[in-house]
Amino acid sequence: MAKAQAKPALGREFRWLWAAYTVSILGTWLAFDAFALIAVLALDTGPAGVSALAAIGPAVAAVVAVPLGPWMEFRYKRPVMIGMDVVRCVALLTIPLAYALDVLSFAQLLVVSVVVGAADIAFTAASGATLKALVPSDQLLAANGRFESTMWTATLVGPPLGGAAVGMFGPVLTVAANAVSFLLSALGIRAIGGSEAAPARKQDHPPARLGDGFRFLLGHRELRPLFLNTVLVNALIMTSAPLLAVLMLGPLGFAPWQYGLAFAVPCLGGLLGSRLARRLVPRYGEQRVLLVAGVLRVCWPVGLAFVHSGTSGLVLVMVVEFGLITCAAVYSPVLATRRLAALPTDHVSRVLAAWSVASKGTTAVLTAAWGLLAAVIGPREALGVSGVLLLATPLLLGWGRLRRAFSSAPPLPETGGSAPGPPASELRSDLLKRRRG
């Protein structure tokens, strides 16, 4: 019994991977919203330009990243990760350099946003394959749980520290700090050492095509409903970010610090949900956790349509966000672990890249569409529409098909220990970027 409760020994290689992730995610959150601040403070960009920067950059990055999945599949993954870190570092460093030379432009911000976004997708796909190779299957939940806990901790402490740094040194310096964090991440991945398993050989497989990842997802009876549901839920949740900002900071009169507090405090739900997930799966099974949490996580956003001024309105937003994040932090780790378990080794990179591309592209399109809808019917009404549509998304989970698929799929390994819950998915990444709108 005591042995079952011991923390799994994940090894030196994993610790270096974890350290690389920690420094990069902290750097990212220190520079949270830095591009928007630079556009406003240094380039006098208006609301339309800032919105375009937030929407167009990720959308174009998703298109640019489409060929990266098949390209990565037959290459060693750690060099790809190091390369993507270096690309992000160099791209970001061009901003403080251009600012110092007084040649910084909105076009450069947009190009850097696209380059960094595409590199993010490639890095995420390669890191999934690396994690699956480094960590035994019976320790995968614990390993990804540490990433999850680290991410929510960075979410809590990063923006306040970054805000203080912006106040003292300006947003350009926080971008430089983020660039350095990617360089340190590359050094951490390099320090993993050892030999990486040889990737699949092209000559042993059919030629890789651009749509391979999407074809695999849409043809997989277990992953297809999870993929369609998750992508749509991500996008509909993200549509509320700019609308809620308009309401809270405009007509409702909330101060910026109150708006920030409304999203910082609920992040504690991410720590709670990630811990709950790892305890719920051995007890109830991944199928039931996915289905129940998949329904519960979409029941909260409709409440945002009733936000109002004053303390009670602020509390309402916090409660809704806390419930949403907690349920998502239960659902997302189980989804991410099940996804890795279901993927053949020679398909991990291209499928994860396709998943990220679909999620980011759909989010960009629907966010823009909801901005137009809000201009016609009003932001509060548009929030209500997205909330109601979210209530219908569990139908995409395909309850019967998903149950049959799970019955024939290998179960997730049960692990002991008290480490925090399993890994997060694209949904978590999107939730973290809610305020970018």
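In this predicted model, the largest nonpolar core holds 64 residues, and those that touch the most other members are Phe14, Leu131, Val135, Leu217, Leu226, Tyr331 and Leu343. Helix 6, residues 106-134, gives this core its largest share, nine residues. A second, separate core has 29 residues, including Leu236, Phe263, Val298 and Val307.

Apart from neighbours within four places in sequence, Leu217 contacts Leu223, Arg224, Phe227, Val351, Ala354 and Trp355.

The surface has a nonpolar patch as well. Trp257, Leu261, Val265, Leu268, Leu272, Leu276 and Phe322 make up this patch, and together they have about 600 Å² of accessible area. Two elements, helix 12 (256-264) and helix 13 (268-284), each give two or more residues to the patch. Helix 13 supplies the largest share, three residues.

Phe322, one of the patch residues, lies in helix 15, which runs over residues 311-342. Is helix 15 mostly covered or mostly open? Helix 15 is mostly covered, with 25 of its 32 residues buried. Phe322 has 34% relative accessibility, so this residue counts as partly exposed. The length of helix 15 agrees with expectation, because 32 residues at 1.5 Å a residue should span 46 Å and the end C-alpha atoms are 46 Å apart.

| Core | Residues in core | Some members |
|---|---|---|
| Largest nonpolar core | 64 residues | including Phe14, Leu131 and Tyr331 |
| Second, separate core | 29 residues | including Leu236, Phe263 and Val298 |

Key: Residues are numbered from 1 along each chain as its sequence is written. This is a predicted model: local features need pLDDT of at least 70, side-chain atom pairs count only at pLDDT 80 or more; totals for chains, interfaces and linings use all residues. Side-chain values use heavy atoms; hydrogens and water are left out. Patches are made of residues with over 30% relative accessible area and no salt bridge: like charges are joined within 9 Å, nonpolar side chains (Val, Leu, Ile, Met, Phe, Trp, Tyr) within 5 Å. Accessible areas come from the Shrake-Rupley method with a 1.4 Å probe; for residues, only the protein chains shown count as cover. A salt bridge is a side-chain nitrogen of Lys or Arg within 4 Å of a carboxyl oxygen of Asp or Glu. Helices (H or I, at least four residues) and strands (E, at least two) are DSSP runs, numbered from the N terminus. Buried means under 20% relative accessible area, exposed over 50%, partly exposed in between (1.4 Å probe, protein chains only). The expected span of a helix is 1.5 Å times one less than its number of residues. A nonpolar core is a set of buried Ala, Val, Leu, Ile, Met, Phe, Trp, Tyr and Cys residues joined through side-chain atoms within 4.5 Å. Contact means heavy atoms within 4.5 Å.
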